[in-house]
Amino acid sequence: MSGFSTARLKMVDGQVRTNDVTDRRVLDAMLTVPRETFVPAAKQALAYLDLDLDVSEDGTKRFLIKPQLTGKLLQAAEIGADDNVLVVGCATGYLAALTAKIARQVTATENESALVAKARDTFASLGLTNVTCKAASCTEGDPSAAPYDVIILNGAVEVTPEGLLGQLREGGRLVGVSAESRPPRAVIMTRTHGEFGHRALFDAAAPVLPGLERAAAFVF
């Protein structure tokens with residue numbers, strides 16, 4: 001077993017299972033998708049640590065969120081095998097690749113063009129044909145592939161993502177971290193009869209997605 005394979009197994013056993021992730025499909029995806037391939041070569045030694053990993057090459061800092069939070073969000077989303085899923089702010093695409101192992105079709109968005117190219121190349125190298133990555137701001141989503149059964153945020157929001165919620169189908173759900181109040185929490189928002197229900201899941205922290213930050217207060 002290679003060093004990365006061993007690290008991947010330790011990540012799942014030591015960080016993911018121990019945080020109450022029991023969904024076999026999520027665990028299998030995390031055991032098979034090589035996280036190191038989504039990380040710049042100089043940082044690959046950090047790929048399996050319990051941290052939000054900066055994968056930006058230049059420009060805005062962009063992150064792969066912690067493995068344990070990744071697993072918990074995927075489990076909370078309860079993705080079905082026939083689901084159409086949107087992954088927002090995918091960075092280099094790790095969360096989208098995991099989702100592609102579970103869902104029928106995945107659309108991922110990222111606002112940094114260099115990371116979009118990296119994600120596309122990595123998906124191709126792994127033979128993932130049911131996931132696409134598009135250059136778009138985190139607030140936009142991708143209306144062309146909507147409506148979605150599930151939307152997953154690869155990060156936190158400090159404002160309600162109205163534009164994304166509008167792309168959910170009836171009964172669809174958005175899962176991510178809300179930092180609108182303290183402490184930040186993982187939440188699930190569900191669309192029912194055109195209304196949106198909101199339920200806190202567990203305390204969690206993640207880097208805020210670009211464009212979904214709280215507006216700076218005006219100071220005299």
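At 31% relative accessibility, Asn111 counts as partly exposed, a class that lies between buried (under 20% relative accessible area) and exposed (over 50%), with a 1.4 Å probe and protein chains only. The model is predicted, so local features need pLDDT of at least 70 and side-chain atom pairs count only at pLDDT 80 or more, whereas totals for chains, interfaces and linings use all residues. Residues are numbered from 1 along each chain as its sequence is written, and side-chain values use heavy atoms, with hydrogens and water left out.

Asn111 is placed in the loop between strand S4 (105–110) and helix H5 (113–125). Helices (H or I, at least four residues) and strands (E, at least two) are DSSP runs, numbered from the N terminus. With neighbours within four places in sequence left aside, Asn111 is in contact (heavy atoms within 4.5 Å) with Arg62, Ala136, Ser137 and Pro210. Asn111 and Arg169 are separated by 58 residues in sequence and by 24 Å in space, C-alpha to C-alpha.

The protein chain as a whole contains six helices and nine strands. Its radius of gyration is 16 Å, close to the 17 Å that the globule rule gives for 220 residues, so the chain is as compact as a globular protein of that length. The radius is taken over C-alpha atoms, and the rule is 2.2 Å times the number of residues to the power 0.38. Along the principal axes, the C-alpha atoms of the chain fill a box of roughly 50 × 45 × 35 Å.

Of the 220 residues in the protein chain, 51% are buried. The accessible surface of the chain is about 9600 Å², and carbon and sulfur atoms account for 53% of this area. Accessible areas come from the Shrake-Rupley method with a 1.4 Å probe; for residues, only the protein chains shown count as cover. Among contacts between residues at least 6 apart in sequence, 56% join residues at least 24 apart. The chain carries 23 positive and 26 negative charges, and the mean positions of the two sets are 4 Å apart. Lys and Arg count as positive and Asp and Glu as negative, while His and the chain ends are not counted; each charge is placed at NZ of Lys, CZ of Arg, CG of Asp or CD of Glu.

The largest nonpolar core has 54 residues, and those with the most contacts inside it are Ile79 and Phe123. Helix H4 (residues 94–100) gives the most to this core, with six residues. A nonpolar core is a set of buried Ala, Val, Leu, Ile, Met, Phe, Trp, Tyr and Cys residues joined through side-chain atoms within 4.5 Å. Beyond its neighbours within four places in sequence, Phe123 is in contact with Phe38, Gly93, Ala96, Ala97, Leu128, Val131 and Cys133.

Nine of the 11 residues of helix H3 (residues 67–77) are buried, so H3 is largely enclosed by the rest of the structure. The buried residues of H3 are Pro67, Gln68, Leu69, Thr70, Gly71, Lys72, Leu73, Leu74 and Ala77. Just after H3, Glu78 adopts a positive phi of about 50°.

Thr22 lies in the loop between helix H1 (3–16) and helix H2 (24–32). This residue is exposed, with a relative accessible area of 65%. When residues up to four places away in sequence are not counted, Thr22 touches Leu27 and Gln75. Thr22 and Glu110 are 88 residues apart in sequence, and their C-alpha atoms are 29 Å apart in space.

Several loops hold backbone features of note. Ala91, in the loop between strand S3 (84–88) and H4, has a positive phi near 55° although it is a residue other than glycine. Ala91 is buried, at 0% relative accessibility. His193, also a residue other than glycine, has a positive phi near 50° and lies in the loop between S8 and strand S9 (195–203). At 71% relative accessibility, His193 is exposed.

A cis peptide bond with omega of about 5° joins Ala146 and Pro147. Pro147 belongs to the loop between strand S5 (131–135) and strand S6 (148–157). Another cis peptide bond joins Arg182 and Pro183, with omega of about -5°. Pro183 is found in the loop between strand S7 (168–178) and strand S8 (185–192).
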